[in-house]
Amino acid sequence: MPALHVIGCGRAGRAIARRLIATGRVRPGLVINRTLESAADAVAFIGGGEPATASDERLAGGWLMLGLPDGVLASKIHSLSQRLPVRPALAFHLSGALPADVLSPLEVPVASVHPVRAFADPRFAVEHFERTWCVAEGEREALDCLQPVFEAAGARWLSFASTHKGAWHAATVAASNFLVTTQALARELAVLAGLPEAQAAEVLSDLQQGTLESVRASDPVRALTGPIERSDFTACRRVVDALDRLPAQQRQLFGALALATLDLAVVKRGARETDADLRKLLRDLAGRPTND
Ligand SMILES: NC(=O)c1ccc[n+]([C@@H]2O[C@H](COP(=O)([O-])OP(=O)(O)OC[C@H]3O[C@@H](n4cnc5c(N)ncnc54)[C@H](OP(=O)(O)O)[C@@H]3O)[C@@H](O)[C@H]2O)c1
């Protein structure tokens with residue numbers, strides 16, 4: 001059974017390592033972070049392995065997972081490769097932004113396996129990893145080893161060599177990070193309306209969940225409802241007035257999102273007479289010149 005070594009065992013690295021090792025198809029290996037203390041913390045989370053440095057000869061023949069931040073991975077892979085005294089059997093990284101061949105200086109079969117989920121809380125991510133899409137590309141020799149282990153860990157494997165990996169990464173940022181941003185904005189408004197935060201969190205999360213189900217069942221255009229979709233200028237005016245107590249940056253964010261929503265609404269129901277006034281109202285809110 002190969003050892004799973006990890007260089008860069010942060011939020012994503014430790015969660016993935018724990019799930020892969022739990023399959024019983026790889027065994028805990030060396031864990032290398034910037035400090036041995038941090039590596040020891042990751043080892044405790046994984047429940048096995050050993051804190052080490054990149055000059056450790058026991059890396060030979062194991063599987064090497066790189067969970068380094070993207071910028072570090074891209075800039076340090078050459079120097080890291082020179083520091084390694086031995087070669088692993090294969091290497092893969094977890095980045096959604098970088099291609100597998102960024103690892104080619106290691107001169108072993110390489111792959112990129114991007115788990116499409118947020119790892120903000122590694123413990124939560126481990127518990128909810130089942131059915132997580134893992135988007136993979138790279139060399140066949142590495143992929144053939146990794147796929148059965150990821151699938152045994154609960155992943156849904158998707159072979160996809162993106163033609164523009166930056167665009168793929170941007171897609172995941174839009175879907176995941178912006179959902180968090182809109183939830184934060186909505187919660188702030190609900191609290192302004194007088195709803196206790198815990199209750200606001202529950203109600204608004206359920207609302208977003210329901211909207212996601214509706215988008216999944218149809219598409220973003222058909223799933224759209226609300227005062228902008230209805231071109232209800234009076235209701236929109238009231239919404240805009242209610243934003244008065246928000247900081248300017250939040251009002252502009254709301255305005256930018258509302259304008260994008262209006263564009264979707266026009267695709268859905270065609271242009272309406274009130275749309276011109278509505279667009280002006282929303283452009284003012286977004287802080288954009290009318291003739292922009
Ligand atoms: N977070 C997510 O939601 C998510 C989702 C999918 C994919 N990913 C991908 O996973 C990768 C890691 O992201 P992350 O969010 O897990 O990052 P992270 O939590 O910041 O962890 C990065 C780890 O790399 C270590 N590190 C940094 N520089 C190092 C160096 N020079 N030598 C050795 N170790 C070093 C850090 O060590 P210290 O602890 O000692 O600082 C830390 O443990 C990225 O490629 C990211 O795109 C992340």
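**Exercise 1. Find the domains of this predicted model and work out how they meet.**

Step 1: Check the spacing. Between the C-alpha centres of domain 1 and domain 2 there are 37 Å.

Step 2: Look at the contact itself. Domain 1 brings four residues, and these touch five residues of domain 2. On the domain 1 side, three are nonpolar, one is polar and none is charged.

**Exercise 2. Decide how helices H9 and H11 are oriented to each other.**

Step 1: Locate them. H9 covers residues 233–242 and H11 covers residues 275–286.

Step 2: Get the geometry. They pack at an angle of about 10 degrees, and their axes are 10 Å apart.

Step 3: Apply the cut-off. Angles under 35 degrees count as roughly parallel, so H9 and H11 are roughly parallel to each other.

Step 4: See who does the touching. H9 uses Phe 233, Cys 236, Arg 237 and Val 240, while H11 uses Asp 277, Leu 278, Leu 281 and Leu 285. That makes six nonpolar and two charged residues, with no polar ones.

**Exercise 3. Track down the nonpolar cores.**

Step 1: Take the largest one, with 52 residues. Its members that touch the most others are Leu 4, Ala 17, Val 31, Met 65, Phe 92 and Ala 111. Helix H1 (residues 11–22) is the top contributor, giving six residues.

Step 2: Zoom in on Val 31. Beyond its neighbours within four places in sequence, Val 31 has contacts including Val 6, Cys 9, Ala 39 and Pro 51.

Notes
Residues numbered from 1 in each chain as written. Predicted model: local features only at pLDDT ≥ 70, side-chain atom pairs only at ≥ 80, totals over all residues. Axes fitted to C-alpha atoms, helices over the stretch in contact; angles between N-to-C directions. Helix = DSSP H or I, 4+ residues; strand = E, 2+ residues; numbered from the N terminus. Parallel < 35°, antiparallel > 145°, perpendicular 65-115°, else oblique. Contact = placed C-beta atoms within 7 Å. Nonpolar A, V, L, I, M, F, W, Y, C, P; charged D, E, K, R; others polar. Core = buried A, V, L, I, M, F, W, Y, C linked by C-beta atoms within 7 Å. Buried ≥ 20, exposed ≤ 12 C-beta atoms within 10 Å, placed from the backbone. Domains from an automatic or database assignment.
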